[in-house]
Amino acid sequence: MRIISGLYKGRRITAPKKLPVRPTTDMAKEALFNILNNQYYFDDISVLDLFSGTGNISYEFASRGTEQITAVDNHFGCIRFINETAEAFEMSISTIKSDVFKFLEKSKLKHTIIFADPPYDFDVEAFSKIPNLVFQNQLLEDEGLLIVEHSKHTDLSHLEYYSHSKSYGGNMFSFFE
């Protein structure tokens with residue numbers, strides 16, 4: 001994986017093969033950030049990266065100037081990798097090792113953007129818990145956005161707070177407001 005833009009543009013990051021992850025493709029990530037770039041000043045926002053895996057999305061936000069980034073994952077190896085990479089690049093990414101659903105139930109902090117990249121094999125009921133918990137617990141700031149990455153074979157358009165989706169190859173981003 002590589003960082004698409006910002007201070008660390010072009011830097012490659014190689015995650016250990018033993019991590020249980022599926023990083024967002026560079027093409028999909030670039031398209032997503034082109035959308036976000038037209039809506040937000042990255043140095044003025046706070047980001048919550050759920051199911052953060054390798055930290056791919058967190059690094060992209062940090063490279064573009066975001067200083068308030070929290071990455072949540074339940075795998076110790078992923079959290080350790082994010083911490084090591086963030087330290088090497090001097091990025092301000094806070095990590096939390098936790099089950100994402102338990103974290104969302106207890107969290108009280110609001111964020112401008114919440115990005116969730118759960119396993120693609122989740123059923124729709126598991127996917128629906130993400131926006132339900134985010135909006136029930138009021139975790140988005142005004143003008144905030146929840147983005148859920150999923151397979152193009154998963155349809156989330158019937159969920160409450162759904163706004164629209166964008167598809168890039170086999171990846172799909174559903175936006176909730």
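Predicted model: local features only at pLDDT ≥ 70, side-chain atom pairs only at ≥ 80, totals over all residues.
Seven strands make up an open sheet. Their order is S3-S2-S1-S4-S5-S7-S6, and the pairing is mixed. Strand S3 (93-97) and strand S6 (162-168) are the edge strands, each pairing on one side only. From one strand to the next, the twist averages 15°.

Tyr 168 stands opposite Asn 171, which belongs to S7.

## Helix H2 across the strands

Helix H2 covers residues 56-63. It lies across four elements: strand S1 (46-50), strand S2 (68-73), S3 and strand S4 (111-116). Relative to S2, H2 runs at about 175°.

## Thr 70 in strand S2

Strand S2 contains Thr 70. Is Thr 70 buried or exposed? Its relative accessibility is 16%, so Thr 70 counts as buried, the cut-off being under 20%.

## Helix H3

Helix H3 spans residues 76-89, 14 residues in total. From first C-alpha to last it reaches 20 Å, close to the 20 Å expected at 1.5 Å a residue. After H3 comes Glu 90, with a positive phi near 55°.

Several H3 residues are buried, among them Gly 77, Cys 78, Ile 79 and Phe 81. Ile 82, Thr 85, Ala 86 and Phe 89 are buried too. The buried residues of H3 pack against H2, S2 and S3.

Notes
Residues numbered from 1 in each chain as written. Heavy atoms only, no water. Pairing = 2+ DSSP bridges. Helix = DSSP H or I, 4+ residues; strand = E, 2+ residues; numbered from the N terminus. Axes fitted to C-alpha atoms, helices over the stretch in contact; angles between N-to-C directions. Contact = heavy atoms within 4.5 Å. Buried < 20%, exposed > 50% of the residue type's maximum accessible area, 1.4 Å probe, protein only. Expected span 1.5 Å × (residues − 1).
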